[in-house]
Amino acid sequence: MDWGTELWDQCDIIERHTQSGLELVEKYVKFVKERTEIELNYAKQLRNLSKKYNLKRISKDEPECRLSSYQSFLEIMNEMNDYAGQRELIAENMMMNICIDLTKYLQELKQERKMYLMDAKKAQQSLECTYKLLDSSKKRFEREWREAERAAQYAEKTDQDINATKADVEKAKQQAHTKARVAEECKNDYAAQLQKYNKEQNQFYFNDMPLIFNKLQDLDERRIQKLAQGYILFSDTEKHVMPIIGKCLEGITKAGTNVNERNDSIVVIEQNKSGFERPGDLEFEDYSQGINRASSDSSLGTPKSHVDVLGKNRSKNFWLFSKRSKPTVTEDFAHLPPEQRRKRLQQKLEEISKELQKEVDQSEALGKMKDVYEKNPQMGDPASLASQISQTSQNIERLRGELNKYETWLAEAGGRGHAVRHKTQTFNNNGANDVQSPDGAHSDESTPDPSQAIYAEFDDDFEDEELSAPIGECTAMYSFPGASEGTISMQEGEVLAVVEEDKGDGWTRVRRTNGDEGYIPTSYVTITLNK
């Protein structure tokens, strides 16, 4: 069924229906636009919320950074930020694939509909014009035919009148004949106009208008189909990002399951353990002995007053619950408790060692470059590297001095020396490499390194000791050279037996299957202890 056949006489209905359809498209576009604004506002609020509660502004050195609950909260903030990004993507895709596309298509439909309606109006105007001509010719024919009848009757009457002359009769007959001829011409013209109008009317109702109505029907059906696609896109746009949104939500769930209250408690212990011994019992102080004390005894010194002694004991007894002032930070971390001091010194040593190794590598590279320039002058001037080599050498000396200083402080704090000892190099004026000891002197096999005293305790740990049973095992995450005394080398992925746990100084004692034992950095391995 089509409009041209079934709705041939409903031009106004078709016009209103197609207009209503276009208005529906406009209404849907406005609806989607408002939906995208809601999505964008929602995403913006989510981003602001994540930014407001994101704890990244806290320094990584803060104690909370190692807590699983803190890390999971950061993960949730990151996932919410990604979630907001997906909401923005939904809004963007809806705007591009629905609003902009439908708006462009709507303009095309409006132009096409306007053209069809203009064609229909032209056809109707043409038919109306033809009908006016028909009506005019019909009225003329009617008028002329009546005049011809009157002229004929007058001629007949004149012919029968005995008083009329022959001339009058002839004149009357002549007028009647003329009127009859004009009436016949009008009749023929009316017949021709009628035939023309019927033909055009037939063309109008059976060809022109049905064709236009069918085109409008096709336009309306295409509009409906496009609108239906827009409805589907409204859902599919969100469906396409649902897997990513699901991953964001799964990430939030994973962040919750990654919280480990027991490990957080252990982290708090590791970060805040002072290493002090608990205070012992207070001794009874018999003040009566002071009263009976001989004058010779009292002459040895002025005894402390009762208030002083009691005050001292009271402060010692209640120091745990009193509010302590913030200590002055010192370079050797002496303001920290012993356990925390050892950890901070160990951390500082690792940082200096990494920086020192970087300078050593750069120094070696400059030395090789200088050799290349000397052998191939066309590649560059060796003298141009002098300032860089000099600066690198100064940096190495400075870092070596800092390394020795912090190792000394670590030894004083009761910790093991830093295991990663770097082979530092400086370059003489000829670009040759001179291997130097950490204190700056040239090292050879007969000259002992003063810093080796720091590692002596490693050897003592293994002397005259029977092999103890392993308490677990560990897997190396990184390779470790084990160049210092008391340490043991390992390769990435190697599995070793754990003999002694980390005592807070950053080192774990391990053993190979062949019986070799030594210390490795705890942070280089993942440890699994036996239950």
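Helices H9 and H10 run roughly antiparallel to each other, a label for angles over 145 degrees. Their angle is about 155°, and the axes sit 9 Å apart. H9 covers residues 338-375 and H10 covers 386-412. What kinds of residues make up the contact of H9 with H10? There are 13 nonpolar, 7 polar and 11 charged ones.

Before we go on, a word about the model: it is predicted, so local features need pLDDT of at least 70 and side-chain atom pairs count only at pLDDT 80 or more, while totals for chains, interfaces and linings use all residues. Residues are numbered from 1 along each chain as its sequence is written, and side-chain values use heavy atoms, leaving out hydrogens and water.

Now for the sheet. Five strands form an open sheet in the order S6-S5-S4-S3-S7, with antiparallel pairing; two strands pair if DSSP finds at least two bridges between them. At the edges you'll find S6 (517-521) and S7 (525-529), each pairing on one side only. From one strand to the next, the twist averages 40°. Take S4 (495-500) and S5 (507-511): they share 3 bridges, and Glu500 stands opposite Arg509 in S5.

Finally, look at the aromatic rings. The structure has 13 aromatic pairs, meaning Phe, Tyr or Trp rings (six-membered ring for Trp) with centres within 6.5 Å. One of them joins Tyr42 and Tyr83 edge-to-face, 6.4 Å centre to centre with 85° between the planes (edge-to-face means over 60 degrees). Tyr42 lies in H2 and Tyr83 in H3, so this pair ties together parts 41 residues apart in sequence. Tyr83 counts as buried at 15% relative accessibility, where buried means under 20%.

Definitions and conventions: Axes are lines fitted to C-alpha atoms, for helices over the stretch in contact, and angles run from 0 to 180 degrees between N-to-C directions. Helices (H or I, at least four residues) and strands (E, at least two) are DSSP runs, numbered from the N terminus. Angles under 35 degrees count as roughly parallel, over 145 as roughly antiparallel, 65 to 115 as roughly perpendicular and the rest as oblique. Ala, Val, Leu, Ile, Met, Phe, Trp, Tyr, Cys and Pro count as nonpolar, Asp, Glu, Lys and Arg as charged, and the others, Gly among them, as polar. Rings of Phe, Tyr and Trp (its six-membered ring) pair if their centres lie within 6.5 Å; planes under 30 degrees apart count as stacked, over 60 as edge-to-face and the rest as tilted. Buried means under 20% relative accessible area, exposed over 50%, partly exposed in between (1.4 Å probe, protein chains only).
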